[in-house]
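I opened my notebook to look up a few things in this structure.

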Amino acid sequence: MLRAIVGFSLRLRGVVIALACVVFGYGIYSALNARLGVFPEFAPPQVVIQTEAPGLASEQVETLVTQPIENVLLGMNDTASIRSQSIQGLSVITVIFHESTDIFRDRQIVGERLLTVANEMPAGVSAPQMAPLTSATSVFLTLGLTSSRLKPMDLWSLAYWTLRPRLLSVPGVAKIAIYGGGERQLQIQVRPQRLLAYGLSISQVLAAAQRATGVQGAGFVENANQRIVIRTEGQSITPAQLGDAVLAPADGTSVRLREVAHVEWAPQPLIGDAGIFAQEGVILVLSSQYGANTLEVTRRTEAALRDLAPALKAQGVAIYPRLFRAADFIQISLANIRSSLLLGGALVAIVLTLFLYNLRTAFISLTAIPLSLLTAVIVLTQTGATLNTITLGGLAIAIGEVVDDAIIDVENIFRRLRENRASTNPRPAFDVMLDASLEVRGAVVYATFVVATVFFPVLRMSGVQGKIFAPLGIAYILAILASLGTALTLTPALCAVMLPGSTPETESRFVRRLKRIHRRWLEALLDRPLALAAGIGVLCLGAAATLPFFAGSFLPELQEDSFIVHMAGVPGTSILESMRMGREVTRALRGDPDITSVAQRNGRAVLGDDTLGPQESEFDVTVAPRGGEDIDAAQDRIRRILSRFPGFDFGLNSFLTERIEETLSGQTADVVVSIFGNDLDSLDQTANAVARILRQTRGGVDVRILAPGGMPEMMVRLRPDRLVQFGFEPVDVLSAIRTDYQGTIVAQTYAGNRIFRVSVILDPAARLDPDALGGLLLRNADGDIVPLRELASIALGTGRYSIMHDGGRREQIVTCNVAGQALDSFVAAAQSKVAAISLPAGTYVEFAGAAEARASAVKQMLLDSIIAAVLIVILLYLAFGNLRNLTLVLINIPFALVGGVLAAWLGGGYLSLGSIVGFVTLFGITMRNSIMMISHFEHLVANEAMPWGRETALRGAAERLLPILMTATVTALGVLPLALGSETPGREIEGPMAIIILGGLLTSTALNLLVLPSLALRFGKFD
C-alpha cells in the first residue's frame, strides 16, 4: 500500500502538488473564518433554575421553594450533581449533567420536571425559570454608565429601555444583567400617621391604587362596512393623576391618595448597587450565547455602542465601555501563540538550511509545516471546534514534529540520490527516490502511530482538565497525521520535481565535522555498554525518585490583566455601607498607577444569576503591569492595598481562573472545603474551626466562610389567640407587613413603549427604624385599628443570608486561595489539620477545588497510561518482531525522563497538570528517534546484507545522525518560543509543557546518538 501511494505521488506529481495547493488555500480560508476563543468550552452541561420569592427569608425559601424543586429534579438520568442556594427572595438551583449528554436535551428534561412543580409554589412566588443558555466564560463585556445630569434611577431606565434592547438584538448576545440605579416605579409611599388620622387601612390604599391604574379592553364596533376598535384611556399614569385618585369618603369630602401617601417616581427597594471610579452609576454585564464567537460578538456589540454614543452624550451620560473586555485577553493570547508559531517556523527553516546545505531540500521539508497545520485547522473547524490558545498551542508544540517525517524522507532521498550519482552504474532517479522513500516509510508510520497512542491518556481525561487538554492532544494528533500524509504524497512529489540533477557531490563542511565528532565519541563508548547502562540507570532512578518531591498545581497562573476582587462585610451590612466602603477601596486601588479601572458591583443584579447579598461586592479591576512584571506581583500589590480595610473579607482572582475554579467546585477559589450536615449551627461551628486552620496554614489567603450566620432578623410570630380576639385573618396581617416593607405591585402603567410598575409601600422614612415595626397599624373588618405588637410577638433575632445545598444536603463552604506555597502541599497540610477536628454528630467535611481535580486527573492518567503502554508495546512488536529491539526503543523513555525532570527543577520545581501532559508529549516525540535508529540497524542487516557488528553500528548511527539531530533540533526550536514566553498571556499552559519537552529532548537525543548504539551492539538482535 505504501509503495502504491508513494509511486502514485512520484508519477502524478503535478496532480499531487495541485491538490496540496487547494488544501493550502482552503486551510487559510478556514483559519481566517474560524471561531476564536481563549479556552475550549470547559464546563459540563448545566442548567440554572431561578425562582423569585419576594419577601421570603432564606429559611422560608429553602423550605417552601428550593426543596420542592430539588425533590422533582433528583433522580434525573445523567445528573452529576445538583447544587442550590436559597437567599432572601430568591432560589437558585444548578443542575450539572455528565459530559456526554446533550445540553438541549438536558434543558428539555428539566423543563418537563419544572412543569410538575410550578403550581405547587406558595402564593406570591413566581414559577421556576431556566436561565438563558450560556457557556462557562460567557461574560464577554462589562460596561458602565454615569451622569452628572440624570439620577441613578433614570440611568437604569436608560440602560434597560434603550441599551438593553439594542444590545440584545446583536447576534450572539444572550443576556444582560444590570447593576445599580434601581427599577423605576410609580410608588405610593404610605404615611402611617396619615392613615391613622383618617381611620383608613393599607388594604384600602391597595384597592384604590388598583382602581385608579387598571386597564380594561373595550372591544369594537362593527357595522356592515367596517370594524372600529374602541380604545379607552383614563388610567392614572403620572404621580399627580394617581395622587388625585379617591381613596375614601370622609365627612362629606373625598380623601385622596396624596393625602395619606407620597406618590412619586422612585426606585424599587434595592437588591444591589454599582459604582464606577467611586462614582454612582449603572453597570451592564453582557453574556454571550452558548458556542458564540467571542471576538465577533464583541465587535458587533461595540459597533452598536458606537451607534448609541451620540444619543448618550446628548443626555449627559458618560459610558465606560471596557470595564471588562474578554476579547483583550483573547487577542493578546492568540497573538502570542501566533508569534510562537511564526518564530518557531522561522527557526526551523534556518536550522534545516544549515543542516541540509541546500535550499531546495529545505524548502521541500518546510512545506510540511503549513500544509500539516492548515489540514489540522480544516478538520478542527469542520468539526465545530474553536481556534483557541489550547488548540493553537497543540499546533505550536507540533510545529517541529510535523516537519520530522518530511525531513527523514527528504534526507534519505537526498542522500541516496547523491550516492547513486557517485555510483559507477547509476539507477533511474525515479527508482532511487521510490526505494529511498520506502526505506524509511515503515518506521515513520509506526513512529507516528506510537506518538498518537502516547496521547491516549490525555484524550481520556475527564472533567475540566479533559475539556482543556484533550483539544490540545486532538490538534497535535491531527497535525502529525497530516504530516504523515504530506510525507507520503507531497514530499516525494516535490523531490521528483526539484531534486534530480541538482544534488551536490559532497556533504556540507558543517555536517562532515558533526559526523567526525560523533564517530569519535561513539567509538569511545561502544565498548562500555554495561557501564553506560549502569550510569544511565542510576540517573533515571534518581530522576524518578525526585518526582514525588515536586510541588504540584492544577494550572499555572494565567497572565490576565483583569481581576475580580470579592469584598464581604459582616452579615446584615447595608447597601449604603457596602457602597461607602467600596468607594474607599476604589480610591485606594486607583492610587496604584498601574490600575487603570475599578468598578464595584454590589449585591444582586436585575436579571442576573448571582446570589450576592448587600454585604457582598465584586470589583472589576483592570491592571497594566509594569514591563517585565508577572501577574503575581500585581496581585501582591492589590492584596497589600486591600489589607488596609479591616472588618471586610477580601478575595482576589483573575477572570478565567475564577471561571475554571467555579466549574471545578462551584466556588471561585483555589481550595474549597465543603461541610455537610443537618444542623446549621453545627455547620457554622465547624466552618469557623476550618477557617481558622486555613488562615494559620502557610500560604492560605483570602479565607472566607460563604454563608455565615449572624444576619440580624426581626422575628414576627403571629399570636392566634390575639388574632381571634381582635378579628384579624392571619393572611391579611402578613399581606400588610409585606406591602409596607417589601412593596406590593398593584398594576402597570405605560408611557410610550415603556412599562412601569405601580407599587404600594411604606414611606422610606418609616422603614428606617426596626422598632417602628411593632407600631404598624392594622385595621380589621369592623374598622378597629390595632398595632402589630398587639397581634404578634416581635423580637430581634439572627438568621442567615444564604443556605446552600449539594445533592439535597445542607452545606456550609469555606474557601481560600493559595499564595507563595504549592497548592498540593497546602491542601495536604490543611487536610491533616482538619482531620484532627472533633466534628459534631452528623457533620462531615470534604475538600474540593483545583488540588482535588489535579489529583484525580493524575490518577486517571496513570491508569490510562498503562493501557497506552500496552498498545505501544503491541505496535512496536509489530514493527520489530522481537522483544530485545522493542526494549531498546522503550529505553528512550527514561532517557527523556532525566532531561524533563531536570528542566522542571530548573523551572522552579513545580509540576502543573500541563507539565505532566508535557512528559506524555515528550515520550511520544523522543520515541520516534529511537525507532528510526533501531529500524535503520535492521535495514542495514536485512536489506544491505551487512553483518551485525561494530562497523554496522557505527555506520547506522552515522547515517541516522543527521535526521535524528535535525528532527530533535527543529522540534526543540519549534517549542522554544513557547518555553521562553511561558509567563505571557496565551502561553501559560503550553509553556511548562515546552520546558519539559526541551529538557527531555536534550538528554534523549544525546543518549539516542551516543548510548543507544552501544546498547544495541551489546543487547540487540538483528540477525
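Before anything else, I noted how pairing works here: two strands pair if DSSP finds at least two bridges between them. Helices (H or I, at least four residues) and strands (E, at least two) are DSSP runs, numbered from the N terminus.

I also wrote down that this is a predicted model, where local features need pLDDT of at least 70, side-chain atom pairs count only at pLDDT 80 or more, and totals for chains, interfaces and linings use all residues. Residues are numbered from 1 along each chain as its sequence is written, and side-chain values use heavy atoms, with hydrogens and water left out.

**Entry 1: the whole chain.** I looked up the helices and strands, and the protein chain has 34 helices and 35 strands. I found that its C-alpha atoms fill a box of roughly 130 × 80 × 55 Å along the principal axes. Next I checked burial, where buried means under 20% relative accessible area, exposed over 50%, and partly exposed in between (1.4 Å probe, protein chains only). Of the 1023 residues, 56% count as buried. I then turned to contacts (heavy atoms within 4.5 Å). Among those with a separation of 6 or more, 80% come from residues 24 or more positions apart.

**Entry 2: strand β6.** How many residues of strand β6 (residues 139-147) are buried? I got eight of the nine, so β6 is largely enclosed by the rest of the structure. I then looked for its partners. Strand β16 (residues 282-288) pairs with β6 in the antiparallel sense over six bridges, and here Leu141 stands opposite Leu286. Strand β17 (residues 317-325) also runs antiparallel to β6, joined by six bridges. In that pairing I spotted Thr146 opposite Ala318 in β17.

**Entry 3: a six-stranded sheet.** I traced an open sheet with antiparallel pairing, in the order β15-β14-β21-β22-β20-β23. Why is one side of β15 (279-280) and of β23 (649-654) left without a neighbour in the sheet? Both stand at the edges with a single partner strand each, so one side of each has no neighbour there. Further in, I followed β14 (residues 272-276) and β21 (residues 595-603), which pair in the antiparallel sense over five bridges. One residue I clicked on was Asp273, whose bridge partner in β21 is Asn602.

**Entry 4: helix α13.** Last, I picked helix α13 (residues 389-398) and found it mostly covered, with ten of its ten residues buried. Among them are Thr389, Ile390, Leu392, Gly393 and Ala398.
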